[in-house]
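Colleague: Hi! Could you walk me through this one? I'd like the overview before the details.

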Amino acid sequence: MEKLEYVIEDSTIAEVLGVQNFSNEESAVLELVKNAYDAQSPDITIIISKTQIIIEDNGVGMNREKILKAWMHVGKSDKEYIIGKGETARVLAGSKGVGRFAIARLGAVASVFTKMKDQEAVLWKTDWNTNTLEMYLEKKEKGTKIVIEFLRDNWTESRVSNLREFLSRTYNDDKMKIQVEYKDERKDVARYFGKIQLGVNCVSIIKLNYLADSQKLICDIESDEFKESAQELCPEISLKAQRIEINIAEELENMKEVLPEEATNEDWKELLVSVGNFSAELYFSLKNTSTLDAEKFYYKHTVLDERYDSGVVLYRNAFSISSYEGKKDWLEFGKRSRISPAAATHPTGAWRVRENQISGKVIIDKKENDGLCDLMNRQGLVENDIYKLFIAIIIAGINCFERYRQSIIRCIVKTNETKKERKSKVIDRVIKNPEKLTKLSSEETEAFLYELEQMKKENTESKKQMDETERRYKYDIRLLNMLATSGLKATSIAHEMRNDRNSIDENVEYIIKALKRYELWDTVNDEENRKYMHRDIPALLQKNRRVNRKIITFMDVMLSESEKEQFLPENIDVYGLFRDIKSVWEKDYSWINIFLHIEDGLEYRSAKDIFRVIFDNLILNSIQQNDTESILGIHIYAEKKGKHIYMIYLDNGKGLPSKYKFDPMRILEVHETSRKKGHGIGMWIVNNTITNTGGEIQKIEGFKGFKMEFMIGDKI
């Protein structure tokens, strides 16, 4: 047997692992900076001219043996995890053994002058067809200088400026000083994310810390977005700081589908542990804040002097991972905001951070997070199951901030609207009685002039408010159109099946009668013939009967609830309506009991569809959450209070999933679900319907069963 080895031309290696391997010249320079960092150099200088690039460091350097056994051995790396101790310790950036080919991306000819302490200096030259090695005299104690010629890029002042900015974002350490020189001007490269100042770089800092062993995510929020006076409007929310802890195993339970079907809870937790500990620090600020918005929402800052806008950078220890330097929206903020485009002021929609509103850093470790693997070309990460969970954990932390900030905005809007309703305006009194204008006190005159100024501001803002309202309803309509389309399809099928209703209802009985007539019924009922489920004809017929009844119920519901009379305003017999709802659901599901605590004769002017939408979704939610229970009790209370009808809905099931028990109002957010294939729209529809009537959900509990208290208004 003859042993064979690949023979690869040097020029091919340089082309594939160098020229084609690095997407741009900046990432190639970064690779050589990483080599200097791994060589323990305290500094590195990059000198760029029209004809050559010189990269010089004071690291450990190489000798002849290193050149022959490591540098010339493609794919071999003798780099371990960490070098040095204490404050000088460095986690080594390289590992693939191909980084040296970044030189080929920058130029066609290169010379590497290198020396180790107390050893002879060596010079390695290449044109990527021929490589030579020779000794030379060097006064320098140690270090490496790379001279690259016949450059592949035209290095202009703008391109050099882009390189400085790129290195600033991609280097996240202070153990090695980086300088870039162009046209005899040498400049230090400062870390982009240096000392963070609220009100200067951003208005909120979101610190995330994932503890893999306990599957816990800690989210600490520091904010300086709102004025001190806003705290009076939101007495129950801290506007300066908030800590939120999440059990990620519960939070991301619907992501278990990444595991094989036979996987256990222990397998799920093991996968969450394999992600490893990591941290993130994200910086939020609005890109544009008008004076009117600042007044309306009590914003403290309208302009930030040094606003961060670089995007979110993913660092593995000291350096960013290529393709994750902030330019790429790798956390998909854009996609999230397109799916849920609601403004923070939306009363029911979930606000999402926009791509241009957040920047920051996520920090992983080479050893701790070894499941997050580099692609061979080091231009990205392998998007495996661990990567998907890693992204989902970060998004869970961002969700915490989004809910926190939106709760503040909603509180401010609601309080301001209440104040507007209560405050008697001077201008209204003058309009009713113009003679009062000459009799106003100095205090009233000042208030009158202020109100006129506010009216001018409100007029200039009216178009903006109209646009915001239009966006809000477009958002609602998109969600509801999706459900309406599915409903129309189902209604169409129900109409087509109406003629088959009798056949569906009676077919099983006809089959049984036929089997008895042909004297086969006793045979199919024989114990021997019922041993196997797929041959047990009586059991199959019984199962078919149950399915047929559900199909008939589905048809009846679809045809009755789509009738236009359901949408017309009228004086509703509340008890009678709920008696009908109770009858339909108990007929469909024999294991549920609905108890009505409603006074007979209670009337309320509204439309039937409002009550049906709310309670059909609530009852369906109870059934889906408790489908393993043998019996489920549901109680509905109703009482008229002024212009509203006060209602309580509760069941005696297992309550809310763990991740919602301490933040139950969160279930009202759109797309919020704990089920694998749930759409997360049902409870949003409930909330949206109640809000649109002028009502409000006041309280939700989910520890012992599920309970919701709310008011339905008289707006139709």
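**Overall picture**

Modeller: Happy to. The accessible surface of the protein comes to about 38,800 Å², and 50% of that belongs to carbon and sulfur atoms. Keep in mind that this is a predicted model.

Colleague: Thanks! How many helices and strands does the protein have?

Modeller: There are 20 helices and 24 strands.

Colleague: And what share of the residues is buried?

Modeller: Of the 716 residues in the protein, 46% are buried. As for contacts between residues at least 6 apart in sequence, 69% join residues at least 24 apart.

Colleague: Let's turn to helix H2. Which residues does H2 cover?

Modeller: H2 runs over residues 25-38, which is 14 residues. From first C-alpha to last, H2 reaches 20 Å, close to the 20 Å expected at 1.5 Å a residue.

Colleague: Is H2 enclosed or open, and why?

Modeller: Largely enclosed by the rest of the structure, because 13 of its 14 residues are buried.

Colleague: What happens at the start of H2?

Modeller: There, a side-chain oxygen of Asn24 comes to within 3.2 Å of the backbone nitrogen of Glu26. Just after H2, Gln40 has a positive phi of about 65°.

Colleague: Changing topic: where does Arg352 lie?

Modeller: In the loop between helix H10 (333-339) and strand E17 (358-364).

Colleague: Buried or exposed, that Arg352?

Modeller: Arg352 has 11% relative accessibility, so it counts as buried; the cut-off is under 20%.

Colleague: What does the side chain of Arg352 make a polar contact with?

Modeller: With the side chain of Glu402, at 3.2 Å. Beyond its neighbours within four places in sequence, Arg352 is in contact with several residues, including Arg336, Asn399 and Glu669.

Methods:
Residues are numbered from 1 along each chain as its sequence is written. This is a predicted model: local features need pLDDT of at least 70, side-chain atom pairs count only at pLDDT 80 or more; totals for chains, interfaces and linings use all residues. Side-chain values use heavy atoms; hydrogens and water are left out. Helices (H or I, at least four residues) and strands (E, at least two) are DSSP runs, numbered from the N terminus. Buried means under 20% relative accessible area, exposed over 50%, partly exposed in between (1.4 Å probe, protein chains only). Contact means heavy atoms within 4.5 Å. Accessible areas come from the Shrake-Rupley method with a 1.4 Å probe; for residues, only the protein chains shown count as cover. The expected span of a helix is 1.5 Å times one less than its number of residues. A polar contact is a pair of N or O atoms within 3.5 Å; within protein, one must be able to donate a hydrogen and the other to accept it, and residues adjacent in sequence count only if both atoms are side-chain atoms.
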